[in-house]
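Thanks for asking me to look this one over. Here are my notes, in numbered points, for you to read alongside the model.

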Amino acid sequence: MKNKSLNLPWAKIDSFVGNHTSPALTVHRPCPICGTLHCRTLLVFDDFQFYSDSEEQPKRAQIREVQCQSCHAVYLNPCYTSSGFGYLFAEAGQSYGSTEGRPQEQINWMGVRGLLDEGKIFLDAGCYDGRFLSGLPKSIRRIGIDIDAPAIVRGQERYGLDGVELIHGAFEAFQCPVEPDVISMFHVLEHLANPVEVLRHLRSISHEETRLIIEVPILEYGKNNDINGFLSAQHMTHFSAHSLGELMSRAGWEVLERQQMSDYDGHRILAKPGGSSIEVMGDVSDRTRVSEYFENWYRNLSEVARKIESWPRTSRMVIWGGGMHSEFLYQVTPLFLQDIQCEYIVVDSDPIKQGKSWRGLSILNPNILKEVEWDDCLLVISSYGGQENIAKAAASMNVPDSVVKRLYDYVTVY
Ligand SMILES: [Zn+2]
């Protein structure tokens with residue numbers, strides 16, 4: 001039974017030929033907060049790969065994070081087109097962050113403010129398959145809108161009989177059958193290419209007393225120790241508390257209440273229709289915040305790099321995690337540059353990823369770990385939030401503790 005792992009499809013990094021980009025994936029845009037055109041580059045990844053290899057579909061794009069020269073807002077430019085988003089994020093799983101934050105806490109928060117009182121008309125913008133709406137009281141009318149057509153169809157089958165009404169459409173143009181009393185957008189706005197148009201549209205379908213609840217992550221609380229960092233490739237606008245407020249007033253919403261969530265990066269605001277302000281006032285302190293953010297991020301990268309350098313050199317590695325975290329591992333750490341002869345396989349428990357490859361490395365079901373000989377091989381955990389669960393799963397599959405390598409000394413679990 002010696003050398004069982006010879007049968008596994010070990011491969012060198014970047015051994016897949018055929019990944020490519022397309023100009024149709026991205027489009028340049030004005031500042032999403034103030035609408036001006038002048039911006040300065042903060043960070044570029046030239047050939048960022050979105051999930052698995054493909055000869056047929058464009059899976060690579062340049063990621064360029066910029067800062068507005070006028071209002072100092074931080075945003076992705078170019079941003080993804082809607083067809084580009086479809087190609088690039090097809091394997092991301094849930095397209096919007098409805099699992100971010102805590103539904104029960106959000107429901108309680110709205111409940112104490114009377115926003116879920118009997119008879120209210122509630123609209124969830126970015127409802128995915130309607131699961132959040134399904135948890136709201138049945139004594140209110142529950143309507144959801146999302147651009148993800150398959151999610152809407154699944155949700156209609158799952159929650160339609162229960163009274164949840166789901167609409168498929170674009171956030172800036174959809175038709176709402178009735179004026180909502182409450183609109184929620186939990187972790188949606190940061191994913192949108194044109195947030196001011198969306199907020200204006202929401203205002204146009206609202207009445208005088210409609211309440212809008214928005215929650216986004218903000219730069220002020222973006223200093224974590226995850227190599228993905230706050231400037232996530234999934235987010236098109238990287239708000240600060242100030243830029244979010246300016247966007248709201250430009251779109252005709254008056255902020256009534258603000259709250260920073262204490263246990264995760266969520267900045268929540270409650271707003272009502274107000275006058276629209278034409279001029280956006282930037283806060284130059286957002287420049288300092290960006291510098292502080294990068295100071296923290298680069299310190300994290302150097303800590304992770306030192307950790308990787310301290311590991312024993314082996315001729316093989318198994319990477320547990322076939323998602324975006326591994327692309328960051330490729331882009332911002334020396335892991336794959338240490339030895340170009342090193343061979344890898346990737347394991348991931350997500351069935352969507354299994355059977356495909358990423359940068360030439362086969363993505364397999366983690367149950368193949370039983371076939372790996374560990375005497376000249378490491379298991380690298382490529383996940384932030386999932387690090388400890390993966391370590392436990394590896395231990396349960398008898399992977400020797402000495403070969404299991406973590407990138408993080410601690411993880412802040414949301
Ligand atoms: Zn701007």
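**Notes on the strands, helices and loops**

1. Strands β3 and β4 run antiparallel and are joined by 3 bridges. Within this pairing, Val 66 has Tyr 75 of β4 as its bridge partner. Helices (H or I, at least four residues) and strands (E, at least two) are DSSP runs, numbered from the N terminus, and two strands pair if DSSP finds at least two bridges between them.

2. A word on the source: this is a predicted model, in which local features need pLDDT of at least 70 and side-chain atom pairs count only at pLDDT 80 or more, while totals for chains, interfaces and linings use all residues. Residues are numbered from 1 along each chain as its sequence is written, and side-chain values use heavy atoms, with hydrogens and water left out.

3. Which strands make up the open sheet, and in what order? The order is β2-β3-β4-β11, an open sheet of 4 strands with antiparallel pairing. The edges are β2 and β11 (237–238), each with a single partner strand, so one side of each is left without a neighbour in the sheet. Helix α7 (residues 285–310) lies across β2, β3 and β4, and runs at about 35 degrees to β2.

4. Now for strand β17 (residues 361–364), where both faces are covered. Leu 361 and Ile 363 are buried on one side, and Ser 362 and Leu 364 are buried on the other. Here buried means under 20% relative accessible area, exposed over 50%, and partly exposed in between (1.4 Å probe, protein chains only). As background, side chains in a regular strand alternate between the two faces of the sheet.

5. What are the neighbours of β17? Strand β15 (residues 343–347) runs parallel to β17, with 2 bridges joining them, and Val 347 has Leu 364 as its bridge partner. Strand β16 (residues 357–358) runs antiparallel to β17, also with 2 bridges, and Ser 357 is partnered by Ser 362. β16 and β17 form a hairpin with 2 residues between them, and Arg 359 in the turn has a positive phi of about 50 degrees.

6. Please also look at helices α5 (residues 195–204) and α6 (residues 241–250), which pack at an angle of about 50 degrees with their axes 9 Å apart. That makes α5 oblique to α6: angles under 35 degrees count as roughly parallel, over 145 as roughly antiparallel, 65 to 115 as roughly perpendicular and the rest as oblique. The axes are lines fitted to C-alpha atoms, for helices over the stretch in contact, and angles run from 0 to 180 degrees between N-to-C directions.

7. The α5–α6 contact (heavy atoms within 4.5 Å) is made by Pro 195, Val 196, Leu 199 and Arg 200 of α5 with Leu 247, Met 248 and Arg 250 of α6. By class, this contact has 5 nonpolar, no polar and 2 charged residues. Ala, Val, Leu, Ile, Met, Phe, Trp, Tyr, Cys and Pro count as nonpolar, Asp, Glu, Lys and Arg as charged, and the others, Gly among them, as polar.

8. Finally, a few loop residues. Pro 78 lies in the loop between β4 (74–76) and β5 (79–80), and the peptide bond from Asn 77 to Pro 78 is cis, with omega near 5 degrees. Tyr 51, in the loop between β2 (39–49) and β3 (60–68), has a positive phi near 70 degrees and counts as buried at 7% relative accessibility. Asn 398, in the loop between α9 (387–396) and β19 (404–405), has a positive phi near 65 degrees and is exposed, with a relative accessible area of 65%.
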